Structure formats: C-alpha cells, structure tokens
Amino acid sequence: MYSRYLPSLILFITTLQSHGRDIHVDPAAGDDSSATGPVRTIARAIKLAQAGDTIHLEPRVYRDYAGFYGKRGAPGKPIILAGHGATLDGSEPLDPKQWTETKPGLFRCDDLLRYVDDAIIHRWYFLWDGHMNRMGRVSKGKSEPLKKPEDLKPGEWTFVKDPSRKMPKPLQIAGSFYLKLPSGQKLSEAQIFVPVRSAGVQFSASGTNYNAHLIIRNLTATHVYNDGFNIHGHCEDVRFENIRAIECGDDGISAHETAEYVVDGFASIGNATGICDTGRSRTDYRNVFIKDCLGFDLYFIGLQHSLENALIESRADRAFWLDGRHLPENQSCSLSMSNVVLRRVGGPQEMRIGIRGKLQANHCSVHGLNITLTPGAESELRHCLVSGDEKHVMLYDNAVWHGDHNRYDVDHLRVKHTRFKEPTFDDFRKLTGSDKASKWGPEVAFAQTGANEASLDKLRPSSRAQVSVNGGPQVSEAVLFAFDDHSIPWRDNLKVTPITAEKHLANPVVRRGPKGAPDHGHAILYGSVLRIGGKFRMWYLGMFETDLKSGQAPGWWRPMCYAESDDGVNWTKPDLGLVEFNGNRQNNICLVESEVPALAKVNDFLSVMYEPNDPDPQRRYKCAYIAHPPFDDVRGGRSGIGPNERRWGAFICATSPDGLSWKVVGDRPMNAGGERYEVSGLYRFGNFYYAPGQLINPWAWRADGSAIGRVMLTYRSADFENWSGAKATSFARPGQLASTPIKGQQTHMGAGLWNRGNAIVGLYGRWQDAEKKPADGRYWNTGVTIDLGLLVSNDGIHFREPVPDHPVIPLGGENEWDNIALLQGHAFANVGDRTLMWYSHWDTGGKLRNMEIGLASLRRDGFAHLSRNISNSRAQFVTTTFETDGKARLYLNVEGVSDRQPLSIELLDDFDHPLAGFSGQESARAIRSGTRQEVRWKRPFPIGRKLAVKVTYPSAGNVKVYAIYIGE
C-alpha cells in the first residue's frame, strides 16, 4: 500500500533531475495554492504536471475525477497518473435539502444536475444502500419504460420531463426526479448516493490540442453516470495499466473519434458495456476480465483493435459486436484476438460480426455462443475451440470464413440455408475452402486448440473484500486480537487478561497404535492439523520402535503418519496403501520420495500447509520437516560453524497434490551450505514463504555474540525452492535476552503457528531446564519441563509474547497423562464458538511414556480479553489503521454488553479525526454478547481509505472485548 508522506519531512512536489517531479494529491490536507505541499484536487495536479512528472494518489476513495484536456508529456518522458490503488468515485450522498416530499414517502427534485439530456436519463441510476438501482434500464440494451411517480414502490425512482421549461442547450431537457421511500422513513435516513460525475477518467481534445505521452495506472473508476474511462478526441502514446471500471452507468472504457491507446490490465464489472470503441479509434487491450455487464460485453465499431489474454464471462443482452458500417466504405473495423475465452453465463446470445467487420482469432475459446457472420463480414479462426450444446456457426451470403486447426463441438455449421454436422463436415470444408486440419466433436484430444484457460483465471479479481492492516498484506478477513498491542496500540484504562485453555475429557484423542503399527512407539503432533472441506486432516510423527537409541529413533526415521476426523475428537487412521511396512501396505504412512533417499526419511518436526490456488496442482500441499542424512548424502556442503556430528540436521521441503504422496524439492537440503537447522514451521505471509525453527549455541548466539540456548530463527523463500542463506532471529524468551540470562529458560522448537492473514498467532514451548542434571546413565533431558505459551507476529518475522510466562496450555497434574512436557503443533481451528488446539506429550526422561496427542479449547479466538482496569474511570481503545477495497463489515467478539451497558464504536480517519456518519451521535452500539456480533452504522461501511476503530466502554459493568474482525 502507498504510504502518506509527512509534510514536515519532505516536499510533496520535489524536483528530480531525471524523473521529474512527484505531485501528491491529498483531499484532506492538500492545498491547491501550495507550491511545496500536496495539492487538494486531481485537476490541480494535472494542471501542474509537466513532461516526466508523476501524480500520486493514495489508496483511498477520491470523490473526484481525472480530466485530461490537451495534456501532453514528451516522448520517453510521459506524465504519469499513479493511482496506487485509489478509487475515483463519481457519487455523492443525496442532499435531502434538494428534495420536496410531495406525498407521504414520495420525494421530488427539480434540479438534481446542472445538465440533463435523454442519454443521461437512459444511463441513470441511484445507489440505494450500496446497490445500483437502474430500474431495469441500460444504454445499448433492453430497457424498461420509466414509471409514473404514483406507480413507484418503495426503493424505486423515476424521471418526468417538463417540456414547459425551456433549456439553453439543444439537447438539454428539463424535468424532475422522484424517489419513493418506505412509509415513515426520513430521506435523511435513507442511504442514497447520486452519481454526479460523468466519468472517472475523462479525455477530450480540440484540433491539434490533444492528449499524448500519458500513463494512467493502478486506478479504479466507479459509480459515474457515463463511462469509467471516457476517451474522446485524438490521443496518442497513451497507456493504461491495471485499471478497473466497476458499476458505471455506461461503458467500462470507451474510445471515440481517433483515440489511440494501449491497455494492459483491465477489469470491467457491472457496467452497461464492458468495452465500447467507436469512431476511427485504434486500441490494444491485454489482460482483460469482463463480468456482469448488461448491454454489451464487447462492442467494437472503430477502426483497428486487438484483444489478448482475456476472460469474458458474458451475461449482457448482447455478447459481442464487431461492425464497420459506421466507417467509410473503403475501411473496415478489424479485431485481432489471441488467447481469449468468451464464455456465456447468461441466456442465449451470439458473437456477431457485421458488415465490414473483420475478426482474426488465434487460440481462442468460444463457449455457449452462436457465431454469426452477416453479409460483408469476414472471419479467420485458427487453433480455436467453438463449443456449446445446440449452438451453431452461421454464415450469411457474402460472408467470408477462413478457419483451420480448430475444434468444433456444436450442433451444426450453417452456410446460408445449408446445415453441416459432423458426418457432413467434409462438405463444409469443400464449400468454404477452410478447416482442412480442423476436428469435430468433444472426444477429440486436439493439442493446442483454444485458449489457455488456466492461465486466464488469474485475471479474475477477488470477489471478496480485501483488507490491509497497517500496510500489511491484503487478506479477506483481518482479526485484531485483544492481546495484540500492534493491532490495538492505543489503550486507555484497559488491562489484558489471558485465558488458559480447557483440556478435553477424552484426552489423549489420538493414541499410539498396536504392536506392529508404525506409531506403536509414539504418536506425537510434531505435525499439523488442517480443516479442509469440513474434514480435519492430521499429519503426525509415528515411531514404531519402543526404545530410543542415543536419543533418536533407531534408523533415523519416524514415519509421516496421517489421520482424519469429522469432529476433531474421534480420529481414524486410514490404510493408505502407499508404503511397504512390516511386509504389507495396510498402514497410514504417507509416501515421501526423493532423488536422494536419505532426504525422504522424515525424523522430526513436520509442518504442512495447503495452497489450493497454486497454479501447479502438484504443489498444492507443501511441507517442511527435519531429516538427519549422513554427511556424505548432503549435496552443497555446510558452513564451518559448529562441530562435526554423526548426522546433519537437514531442512527438507516437499510438495504433494493430495497431502499423501510427496516429492522432495530438489536434491539437497534447503539449508545446504549453511548450518544445521531444526525446521519446525511453514507459512506464507505477504510475498514470502517462511520456515521458522530452532537452533542453539554454537549455531546461534545473542546479538553481542554471547552464547544462548534454544531460540527461534527463520528462513524465507519467494518460490519455495530457493531459500535465503541468512536467517532472522524471530523470538527468544525475555529471560534469555536479559543482561544476566535467567537460568534454564529456552524456546523449544520455535512455535506451532496459525496464520490469520494479517497476524500470526501460535504456541511455543516454554522450556525450563531440570533443577539438577540427570544422574550418570540417565537420559540427558530428564527433569526438563515445558508448557505452551502464546506468541504473536504482525510481519511474519518477529514474534513477541504478549503476556510473558502465561501458559495457554499448562502441564497436567501429577497423575495426569501430560504432566512432563508439552509439544506444540501447527494445529488450530475455529469451529462454531470454540477454538480447538491439538498438542502432544513428551516424556523428557526418554521412556516414551504417554507420548500421544491431546485436544484443548478456548472461546473462539479467546486467548485474552481487554477490560476496564480502574472502575469509575473512562475506558477506551483505538486500533491501528486499516484499508478495505471491497464491501466489508466489522464484527466484535465481545462479552458483557447489553442495551443498558453498550459499547460505542466509531470510525476515525488516519489523522484520528472522527468520520462523519460513523461517530458522535451516529456511532454504532454493541448491545449483544457473542463471538461474532456485527457492528452496524446507518451508512455502508467506507472503502478505499485508511480507517481506525475507536471503542468506548460503558461507564459500568464488566465488558470484555476479545477481538475485532474486518471482512465480509
């Protein structure tokens, strides 16, 4: 996300010798008369900009537009409008003062806009509770007639012309808008917005005063009454990059007259028309997604156009129109398409090429649409797929068809009145002189036919609201935990109360297997639990021997075992049939294969993650684990740090399509060339995969180089194959970092982690050395105790303990099964109103006693709560800032509120100012306890700007806030 510059530190318009100036637009703090600070309006920034300058917007909603009227950069020195994710919103809240109530619930406005004509009324809509209300009307499509005011139902509008009023411009009309509200509702209470601006980005030119050498990027236009990007007049050397038009009155983007431009990255969603290019325009589009348009999806009647890498989910009244009838008779409208999918998701429709329309398509797919060539049309399809039940290709008289290497899976091909089906396909070939190498039928496996549809799925924008907390990664839901002092940094008279989990009465819920089973010696959750498709999937370490040898499993192999459950309590161990063990394959061992067999021997902590959207199906499951190969099997060598050992602590990565059969990544450990490493975690945060783990002196040390016990370090990788040589120190217990370290405190095996998108929470092993060293001949860890404490990170690298020395899962009592040491896993799930956490018991005396898997639980996300500290004094908190680019909602996990003792919830801007409509008398109130209680204001939740939440506690009572959620 783009960061706000501080006026006291840097000039907002800075002269740069090579790159020109940076001009920043800030509607709140900007000043259009300033020469050194940010400007207030986009218009002022455009006026100031010269060749090589960059205009910077912030990733927020601007109720403004960008108008370019004869603006030019220079060749090689364009003027750049950098949106940084900004949204240009053409709507404004309805002003009740402009309206008159003519009858109960019926309101009239005579002067809503300064200029109205029939074209505007045909495109018109109101935003009602955040939704477009077009009254069934759309430009370039089927439209319902306007209703009479007396026929309106609540939630409807109309427009009535007044021919008695004479207007100054030829096409201008006079009239009145009418709105109908539910009985008893005040207009001031209705959430109605008016689209008062015609476009998000507007180009216009006059003669030689035209636009040129411009780049517009990373910008969304929405809720205008005409086009999102309206390009009139001549322009050249103009480029649009990563732009979106959403819910605009007419076209997503439109080229007129002799406009010439390139678009790379465009999403057009919910507009009247996806793309509409007219006049003698010349346009090139790449990486395009179109969905939910109403009149046309694609409408080309200009001169020369191209479309490459596009996914069109066609729902409009007319799907595709290519026609040169408006051009001089010696010119045609040409369109070149490459790697395009046109998929009909609405009712029956066609892809129509009209007179002097010329289509050239290569590696394209047309699903569910008829293709029609009218007289004078021309089409050339090569390596294309045309499919659809009861669909056809229709060639009228004087239509020209060229095709080859295509695949047809349609009802028929038709030339004038003659139909051709699969048995008569050769006759079609002879008649048209085309398609000699084309095939017919769904069973034909014809290589390289049609678009690469898998590659185009990435063009689909996320349909979910995306939230970024304090500039962090965008996630579908952000959670601000009560114990997280980075997410909730500003607190007044509040205290954090940590909660201890409750252990399940049926513990241990996963027990070791019978004699001969791969987990007869132990079953421990040095592993992971994921809930996928409603089923819990567990990967854990088994040990078939019942005795350790030199502190390790004999053979340096503890199998990766697998279990399943529907409820997280009752588990089954399915026979996977993958690995030979004790003379048969009837076991639950996962298969791990490697070019170097020693790397496939899982021996310690196993971390599994699932990425269903990985484009490579073989990589959808990923894992990291510890193996102990002989030094001779470690390709890539190791550093000279630390002593030689019999075996090397190797960090291994593997991938799988199903989580059961795995392939080791590469032919060497991920830490080859470095030090031994006990990897104990795996997650993705932002742009990187992270693999935290454990090291101890002499392989790790304090910042000053002095010795330290077990600490948590982390590797990272951008691609899961090449890992950083450098490591970050992610966590050490406070006692380990004191000037005089607290004796015996260590951090055991990093942490078992739960990635919540904007934050990572987890449990770590709070290791405490034995008071006395074991007697000679006894296992060296005898007497060590470990319980599980809480960690949190907001950057995926650095972790902290929000409540030091608090055990989330404590050791069991003297006669309980888990009374020696506990082991964490990556094993968390929210189910209903509870958070489930699985863990293991470790016999540090080396006897493998009760080394099995247990279950503990809390209130959902209830690791801690914030409550008033001193009675009879104000209590409140303010969160860090966040931004959302979609229609988000806010929820509270809260206890102790009521109608008499409510929480007050306000929204603030990023300067800590109350947001109008969401604060003061318009604040929301939380009056119901629960783990997910929605917070509602009268207005829709704002998008595209930096916000913070302020929560004020009631004057009395014991209100507890556990978490805030921002998302869908």
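This is a predicted model: local features need pLDDT of at least 70, side-chain atom pairs count only at pLDDT 80 or more; totals for chains, interfaces and linings use all residues.
Lys 421 sits in the loop that runs between β36 (418-420) and α3 (425-432). With neighbours within four places in sequence left aside, I find Lys 421 in contact with Asp 411, His 412 and Trp 440. I also checked Lys 421 against Ala 212: 209 residues separate them in sequence, and their C-alpha atoms are 51 Å apart.

Next, aromatic pairs. I count 49 of them. For Tyr 408 and Phe 425, I get 5.8 Å between ring centres and 75 degrees between planes; planes over 60 degrees apart count as edge-to-face, so this pair is edge-to-face. Tyr 408 belongs to strand β34 (residues 407-409) and Phe 425 to helix α3, so the pair ties together parts 17 residues apart in sequence. I note Tyr 408 as buried, at 0% relative accessible area. Phe 425 is buried too, at 4%.

I then took Trp 571 and Trp 838, an edge-to-face pair with 6.2 Å centre to centre and 85 degrees between the planes. Trp 571 is in strand β47 (residues 571-572) and Trp 838 in strand β64 (residues 834-842), so here the parts tied together are 267 residues apart in sequence. Both Trp 571 and Trp 838 are buried.

I list one aromatic cluster formed by Phe 68, Phe 203, Phe 229, Phe 240, Tyr 261, Tyr 285 and Phe 300.

Last, charges over rings. I find the charged end of Arg 684 over the ring of Tyr 689, 4.5 Å from the ring's centre. Arg 710 lies over the face of Trp 767, with 4.0 Å to the ring centre.

Terms used
Residues are numbered from 1 along each chain as its sequence is written. Side-chain values use heavy atoms; hydrogens and water are left out. Helices (H or I, at least four residues) and strands (E, at least two) are DSSP runs, numbered from the N terminus. Contact means heavy atoms within 4.5 Å. Rings of Phe, Tyr and Trp (its six-membered ring) pair if their centres lie within 6.5 Å; planes under 30 degrees apart count as stacked, over 60 as edge-to-face and the rest as tilted. Buried means under 20% relative accessible area, exposed over 50%, partly exposed in between (1.4 Å probe, protein chains only). A charge sits over a ring if NZ of Lys or CZ of Arg is within 6 Å of the ring centre and within 35 degrees of the ring normal.
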